[in-house]
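Here is a walk through the model, from the sheet to the cores and then to the ring and charge pairs. Keep the 3D view open as you read.

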Amino acid sequence: MSLPHAILTALLEKPSSGLELTRRFDKSIGYFWSATHQQIYRELGKLEQAGHIRALPAPVPVRGQRKEYEVLPAGRAELSAWVARTEDPKPMRSALLLRMRAAAVVGSAGLRAELERHLSLHQGQLAEYLAIEERDFPPERRGSEPDRLRHLVLRGGVELERFWVEWLTGALAELGPEEERPAP
């Protein structure tokens, strides 16, 4: 149920077309809630049908022109109600951790390379988040509640990436050099 709420959030920040939403997801919300172009368009249709958003009237109707959407009062009310709801944390799903568990049974050939690849990806993501923080959240811009909340979301991403970098570094050190390890 969170994709419609992510779209409502993005549209409240700035009325946008589906294509613009897809691009904005890639640069912000998509870091913690990803969606494909098709998923976004499907949800836009559902939100419009539910009366939560509407397509803004075009100054000059042109066939094939992009629709730009805005949130209606019912959509704002739905998003506010969703923010106030309680929700239990979801169990983590990690293909990497499952792969490591499987390696304990069938052997770990190739596992070290995959852990190194993940480490590199997490180091890159951490560097990207830190660059965003430096660019978008200098200390003087952290005064308003919306800025503090956006910064806290980014800090959550930073801390998760730091966790993965530290954990993967330790896992690689504990595994030692790559060698074929037979199943126990």
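## Ground rules and the sheet

Two strands pair if DSSP finds at least two bridges between them. Helices (H or I, at least four residues) and strands (E, at least two) are DSSP runs, numbered from the N terminus. This is a predicted model, so to speak: local features need pLDDT of at least 70, side-chain atom pairs count only at pLDDT 80 or more, and totals for chains, interfaces and linings use all residues. Residues are numbered from 1 along each chain as its sequence is written, and side-chain values use heavy atoms, with hydrogens and water left out.

Now the sheet itself: it is open, has three strands in the order 1-3-2, and pairs antiparallel. Strand 1 and strand 2 are the edge strands, each pairing on one side only. Strand 1 (residues 16-17) is joined to strand 3 by two bridges, and serine 17 sits opposite glutamate 68 there. Strand 2 (residues 53-55) is joined to strand 3 by three bridges, with alanine 55 partnered by tyrosine 69.

Leaving aside neighbours within four places in sequence, leucine 11 is in contact (heavy atoms within 4.5 Å) with Ser16, Leu21, Leu44, Ile53, Tyr69 and Val71.

## The nonpolar cores

A nonpolar core is a set of buried Ala, Val, Leu, Ile, Met, Phe, Trp, Tyr and Cys residues joined through side-chain atoms within 4.5 Å. The largest one has 17 residues, and Ile7, Leu11, Leu21, Phe25, Ile40, Leu44 and Ile53 touch the most other members. Helix 1 (2-13), helix 2, helix 3 and strand 3 each supply at least two residues of this core. Helix 1 gives the most, with six residues. Apart from this core lies another, of 15 residues, among them Leu96, Leu126, Leu154 and Trp164.

Trp164 is also a contact of histidine 122, along with Glu161, Val165 and Leu168, again leaving aside neighbours within four places in sequence. Histidine 122 lies in helix 6 (residues 111-136) and is buried, at a relative accessible area of 16%.

## Aromatic pairs

Rings of Phe, Tyr and Trp (its six-membered ring) pair if their centres lie within 6.5 Å; planes under 30 degrees apart count as stacked, over 60 as edge-to-face and the rest as tilted. That rule gives three aromatic pairs. One of them is tyrosine 31 with tyrosine 129, edge-to-face at 5.2 Å centre to centre and 80° between the planes. Tyrosine 31 lies in the loop between helix 2 (18-27) and helix 3 (37-49) and tyrosine 129 in helix 6, so this pair ties together parts 98 residues apart in sequence. Tyrosine 31 is partly exposed at 27% relative accessible area, whereas tyrosine 129 is buried at 7%.

Tryptophan 164 and tryptophan 167 have ring centres 5.7 Å apart and planes at 85°, so they are edge-to-face too. Both lie in helix 7 (residues 145-175), three residues apart, about one turn of the helix. Tryptophan 164 is buried at 14% and tryptophan 167 partly exposed at 29%. Ring pairs link Phe163, Trp164 and Trp167 into a cluster.

## Salt bridges

Count a salt bridge when a side-chain nitrogen of Lys or Arg is within 4 Å of a carboxyl oxygen of Asp or Glu, and you get 13. Glutamate 13 meets arginine 24 at 3.6 Å, N to O. Glutamate 13 lies in helix 1 and arginine 24 in helix 2, so the pair ties together parts 11 residues apart in sequence. Glutamate 13, partly exposed at 43% relative accessibility, also meets arginine 150 at 3.8 Å, N to O. Arginine 150 is in helix 7, so that pair ties together parts 137 residues apart in sequence.

Elsewhere, glutamate 114 and arginine 99 form a salt bridge at 3.5 Å, N to O. This one links glutamate 114 in helix 6 to arginine 99 in helix 5 (residues 95-106), 15 residues apart. Glutamate 114 is buried at 17%, while arginine 99 is partly exposed at 40%. Finally, salt bridges that share partners join Glu13, Arg24, Asp147 and Arg150 into one network.

Notes:
Buried < 20%, exposed > 50% of the residue type's maximum accessible area, 1.4 Å probe, protein only.
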